[in-house]
Amino acid sequence: MGRKTKKTAKGQAPPTHSDKAPLTQSDKAPPTQTEPAQGPEQGNVNTSAAVPELSKSARKEVAELITSLLEVCSKPPESGNKELEDYPEINGLVEKIRNIQSVLALPPRNREKGFPTFLKWLNDNGVDTSALEITQFPQYGYGLKATRDLKESEKLLQIPRKLMMTVDSAKQSPLGALIKEDKILQVMPNVTLALHLLNEKLNPQSFWKPYIDILPSSYLNPLYWSSDDLQLLNGSPVKGDAINQYRNIARQYAYFYRLLQKQPDSMTQLYVKQCFTFDNYRWAVSSVMTRQNQIPARDGSRATLGLIPLWDMCNHCNGIYTSDYNTEQDACECFCLKDFEAGQQILMFYGPRSNGEFLVHNGFVYPDNEHDRLCLKLGISKSDPLYTQKSDLLSKLSLAPQRAFYLHLGRFPVDGDLMAFLRVFCMDEGVLTDKFSGEVSAGQLEALKDEDSETNNQNDEKVWTFLQTRANLLLKTYPGSLEEDEALATRQDVPETQRMGAQLKVGERKILLNTIDYADKKKASLKSSE
């Protein structure tokens, strides 16, 4: 596949050359994030330090807490707010574990001091870094600065596979035997990559040590937020996403803690067993979440996940994908998104993600995000007497009767799937029977997705009224005012979590206000056409 020059419907460019394969994000994973804006430099774990040990009584207490944590996290959901209900108990158990394990924390390392060694490691392995240097930027943290003028589409970087940490390299590492045995690791490549990263971090002789030493020691994603910080997301659907993520990571940690403790002491290179703390796992998961990308497997038969050194230090801006995988060179290639002058920060496009997704998975909010959107959960009630007919029609549209949709930023907040669902949702028996009983043509189904198609004016008026009412109700769940959030979003004298929470909510409020206005105009248009 050649250099990405435009996106298709799925956000990827069409193939142009047979010698290249697309470098894309995993469908289940967020786009690569690099250096989120951070506070004072905290450094990294010094992997060459001796690993301390817990006392026998402390290990017993941790084991008991792990059992409780796994039980709480594994309970089947009892309500739609299960994550919110369980969070205090889960968080309490995790904090107790972290407190006991605090003696296992290793001395910090100043990551900036590791940059020269990192760049030399890259150069020694064939990477040309002459066009850039690593620099700290206000509001971004570390990123890449152009050392000379660069032209749009010019090749910026080529990173060979041998420098990448991948699921394939994990299978060839001391974790290989564990991966072969454990079904979870076999189906969760992102977790495999996280454990691989952590094991190499704790290995003072790791080939990837120069890379690992310059990774951030902590992140700004909600896994690092306190309970009070999470209240900053009140009103936003992202709060539920953040808590659900925390719950999942806590469950994973408890599961793998037990699994690792069962491994024989003879596995001396399984460093992660001796220092598998919650904080270390959180760091590894966050490092992978913010950096992972899909690359072709070595044999080309499938995609795999990988961490790509240096390439992953480019920060995000609006644009198009400009990275590929060159299968002939067996290397990731990154091309300039636009012209960059010497001294400017080099930016890349991470993908069409919402600010909620960026916050939860990457630890930043991009106020100018052209692809921002707001999650809207809708469902047909099973008590609806027309539930069966509506569900059948939705299935023909490949839509489930309960699912999440999105309201989008911009001129057209409602996409085809949401429009079709709302039309079916609002249909009465007469419309369902007259127009959609029996065989339904492909043209009829497509018309349901087109808000400008003439289906049934009375039904469409109900659609826009419902959407307008729902958006108004959602707006009322946000504490304070839009003006207060706008003021907080630009303040530099508040914690980054407060600023990001405000930036997120400003974007979501504006999407809802735009939807309300849009629905009002559509209703007026329907009345004028009568």
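Buried means under 20% relative accessible area, exposed over 50%, and partly exposed in between (1.4 Å probe, protein chains only). The model is predicted: local features need pLDDT of at least 70, side-chain atom pairs count only at pLDDT 80 or more, and totals for chains, interfaces and linings use all residues. Residues are numbered from 1 along each chain as its sequence is written, and side-chain values use heavy atoms, with hydrogens and water left out.

**View 1. A buried salt bridge joins D86 and R247.** A salt bridge is a side-chain nitrogen of Lys or Arg within 4 Å of a carboxyl oxygen of Asp or Glu. By this rule the count comes to 26. In the D86–R247 pair, the closest N and O atoms are 3.6 Å apart. D86 sits in helix α2 (residues 82-101) and R247 in helix α10 (residues 238-261). The pair links distant parts of the chain, 161 residues apart. Both residues are buried. Helices (H or I, at least four residues) and strands (E, at least two) are DSSP runs, numbered from the N terminus.

**View 2. E486 and K510 form a salt bridge.** The N to O distance is 3.6 Å. E486 lies in helix α18 (residues 482-489) and K510 in helix α19 (residues 496-528), so the pair ties together parts that are 24 residues apart in sequence. E486 is partly exposed, at 31% relative accessible area. K510 is also partly exposed, at 42%.

**View 3. R491 and D493 meet in a salt bridge.** Here N and O are 2.9 Å apart. R491 is partly exposed at 38% relative accessible area. D493 counts as exposed at 57%.

**View 4. Salt bridges link four residues in a network.** The members are E95, R98, D279 and R282.

**View 5. D149, E152, D339 and E341 form a negative surface patch.** Patch residues have over 30% relative accessible area and no salt bridge; like charges are joined within 9 Å, and nonpolar side chains (Val, Leu, Ile, Met, Phe, Trp, Tyr) within 5 Å. Asp and Glu count as negative. D339 lies in the loop between β12 (331-335) and β13 (345-348). With a relative accessible area of 44%, D339 is partly exposed.

**View 6. Three strands make an open sheet.** The order is β7-β9-β8, with antiparallel pairing. Two strands pair if DSSP finds at least two bridges between them. The edge strands, β7 (165-166) and β8 (293-296), each pair on one side only. β7 pairs with β9 (residues 303-307) over two bridges. M165 has L307 of β9 as its bridge partner.

Methods
Areas by Shrake-Rupley, 256 points an atom, 1.4 Å probe, with all protein chains shown as cover. Charge placed at Lys NZ, Arg CZ, Asp CG, Glu CD.
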